[in-house]
Amino acid sequence: MSTRKDTKVRHFWLHLIAIIVGAGIIVPVAFGVLGGFKDNGQLVTNPFGLPSPWVPENYTAILGSSGFWRPLFNSTVIALATVVLLVVVASMAAYVFARFNFRGREGLYTLFAAGLMFPFAVAILPLFVLLRELSLLNSPLGVILPQVAFGLPMTIIILRSFFRTIPGEVEEAAILDGCTPFGFFWRILMPMARPALATVSVLAIVASWNNFMLPLVVFTDPSWWTLPVGVQQFQGQYADDTARVLAYVVLAMLPALGFYAVAERQLVGGLASGATKG
Amino acid sequence: MKTTTQGPEGRFPAPSSHRTPTRNGGRSGLHPEQLKPRVEGSLRRRRRLDKLTIALFLAPAMALFIVLVVGPIALAMYTSLFKWNGFGGLPENFVGLDNFRRLLEDEVFLGDLKRGLILVLLSVVVQLPVALGLALLLNQPMRGRAFYRLVFFAPYVLSEVITAVLFTMIFSPNQGLIDQSLSALGLESLQQEWLADTSTVLYALFFVISWKYFGLHMILYLAGRQSIPKELNEAALTDGAGTWQVFRHVTLPLLGPTIRISIFLSIIGAIQLFDMVWVLTGGGPIHSSETMAVTMFQYGFRRSEVGYASAISVAMFLISLVFALLYQRFVMRRDIEGAITTMREKR
């Protein structure tokens, strides 16, 4: 009897804390969502309540302009191209690191793994100079290729450890059946590695989607801006129009939150395993 | 040169033949004597094929990594030795270590180090314990647990830029949520220009960082907590330990590796912090929220002092590297060997 009461009391406190922290997360976002439906006068006179009247124009104006759709399209294209290229290149390398013996293997692998220690900001200046010399400024490749290169360490590490878990007998059987190394890689290893590929893909998409520094310096031409750059420039342009900026921010959040809802398991699993396992 | 298709541990012998037409037939029809030359020939072919595979499969990754990661970092080290505005081929005005000497006297840069340290300390004292507490909370069976977890972690997927723009509005002095709330509570005296006041801006920045990242640390702790066998806690409880004692003497020590990784991520994150500051405050007012990366960006892309900016990059590189090596050597040596290579905060 008393234990049940204890549990109830304990649950009350658990929920109370969780709700308070949850509110801390949700209130700023709700402020943005509702603020987008207000005009600037309402934001001052009625900061907490529901909008009255509701002013959908902020949202509709943004949804009706290319200033939102164009960055959204660019971000999508760049994220997809990054992830496809990254996964192909990294899984090929991870396959070699996982299943072949050759001199210098561990040294090379360590070099890649050490890449995790290189902050992106360290390379941004020379990277900019390099991309300028290669005429890759204002070109999506100028963002995609460096993103792939900087994504390699994490991706190779995760894929290599997964490829190692596939039993040698599978490879032996494939080879006895006349599989070449490439055939084994393409027809057997890659299909078997689908869960790991999903994890690294989700991580790569999130990283590409949120990248700011590189697109900021590579794209001076607004038609190539990605969503983070678009948001930042929009804020600069409409600094005094709070309600409109809020509406843009909220719309810019939606794709990421939608993706999170779909890919939550891979994302969380990937982060947890990326940080705790070899 | 050993080149075989064996797994890393050499768990199975090299294939005797890979030209067998069917799964188990074919080979049995041949005498061992007849088989021998064919096996040797095919092994040689096999090795050549393997070498080719290794080369072809590694080439794209190597090329990208060398040209776009290793190369630029080496180039940053080189240009840090010059006074250079970033234009016209390679730098020419060699100044040796002058840029680094200037760095050690640059109050903004020294301030960056101090501010980075403050952010790290605040994280370790405030953000991570909160994340740990919530992780243990969400580890309890309770209704709505999955939903809470989903909400707490959601800010992590928003870009730093979007988070920063949202919070610029929230900290704004007129229409912002915080000052409006204070005035609704009758606490007008506490109202501030949070982001424009040198005494509050760093804490405002820390608040936004925590808002965005505590969910990540919470997820790590949850994963760490779930890898601790239930029996250990149960045994301790049966032996008469209280909840606090179980936490102090069982859970906390076993979470050690996770906590050390989480602290590591916080520190690396603080060294690299750029997007959020750039958008939230631009480093101001008067550098009071500036980070190393922001200072580097200012010199490199706004003032065309590429040589000096490169010196800042190199300093960032050395600080992360030395920190990572020392951390691995002294703090994480008890954890899985080589684990340091597997973690990094996403920028």
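Mentor: Let's start with a charge and a ring: R303(B) has its charged end over the ring of Y299(B), 4.3 Å from the ring's centre. Keep in mind that this is a predicted model.

Trainee: Which ring does the charged end of K212(B) sit over, and how far is it from the centre?

Mentor: Here the charge belongs to K212(B), and the ring is that of Y213(B). To count, the charged atom has to be within 6 Å of the ring centre. The distance for K212(B) and Y213(B) is 4.8 Å.

Trainee: How many aromatic pairs are there over all chains, and why is the pair F264(B) and Y327(B) called tilted?

Mentor: The whole structure holds 42 aromatic pairs. In the pair F264(B) and Y327(B), the ring centres are 5.4 Å apart and the planes make an angle of 50°. Planes under 30 degrees apart would be stacked and those over 60 edge-to-face, so at 50° this pair is tilted.

Trainee: Which helices does that pair tie together, and how many residues apart are the parts in sequence?

Mentor: F264(B) belongs to helix α10 of chain B, residues 256-272. Y327(B) sits in helix α13 of chain B, residues 306-331. So the pair links α10 with α13, and the parts are 63 residues apart in sequence.

Trainee: Is F264(B) buried or exposed, and what about Y327(B)?

Mentor: Buried means under 20% relative accessible area. F264(B) has 1%, and Y327(B) has 8%. So F264(B) is buried, and Y327(B) is also buried.

Trainee: Where does F323(B) lie relative to Y327(B), and what kind of pair do their rings make?

Mentor: Both are in helix α13 of chain B, four residues apart, which means about one helical turn separates them. F323(B) is buried, at 16% relative accessibility. The ring centres of F323(B) and Y327(B) are 5.2 Å apart with planes at 45°, so the pair is tilted.

Trainee: Which residue of chain B is in the aromatic cluster with Y95(A)?

Mentor: From chain A, the cluster has Y95(A), F100(A), F182(A), F184(A) and F185(A). The member from chain B is F57(B).

Trainee: How much area do chain B and chain A bury between them?

Mentor: The contact takes 108 residues from chain B and 107 residues from chain A, with zero salt bridges between the chains. Carbon and sulfur atoms carry 75% of the buried area. The area itself is about 10200 Å².

Conventions:
Residues are numbered from 1 along each chain as its sequence is written. Chains are lettered from A and ligands numbered from 1 in the order in which they are written. This is a predicted model: local features need pLDDT of at least 70, side-chain atom pairs count only at pLDDT 80 or more; totals for chains, interfaces and linings use all residues. Side-chain values use heavy atoms; hydrogens and water are left out. Rings of Phe, Tyr and Trp (its six-membered ring) pair if their centres lie within 6.5 Å; planes under 30 degrees apart count as stacked, over 60 as edge-to-face and the rest as tilted. Helices (H or I, at least four residues) and strands (E, at least two) are DSSP runs, numbered from the N terminus. Buried means under 20% relative accessible area, exposed over 50%, partly exposed in between (1.4 Å probe, protein chains only). A charge sits over a ring if NZ of Lys or CZ of Arg is within 6 Å of the ring centre and within 35 degrees of the ring normal. Contact means heavy atoms within 4.5 Å. Buried area is the accessible area (1.4 Å probe) that two parts lose on being put together, summed over both. A salt bridge is a side-chain nitrogen of Lys or Arg within 4 Å of a carboxyl oxygen of Asp or Glu.
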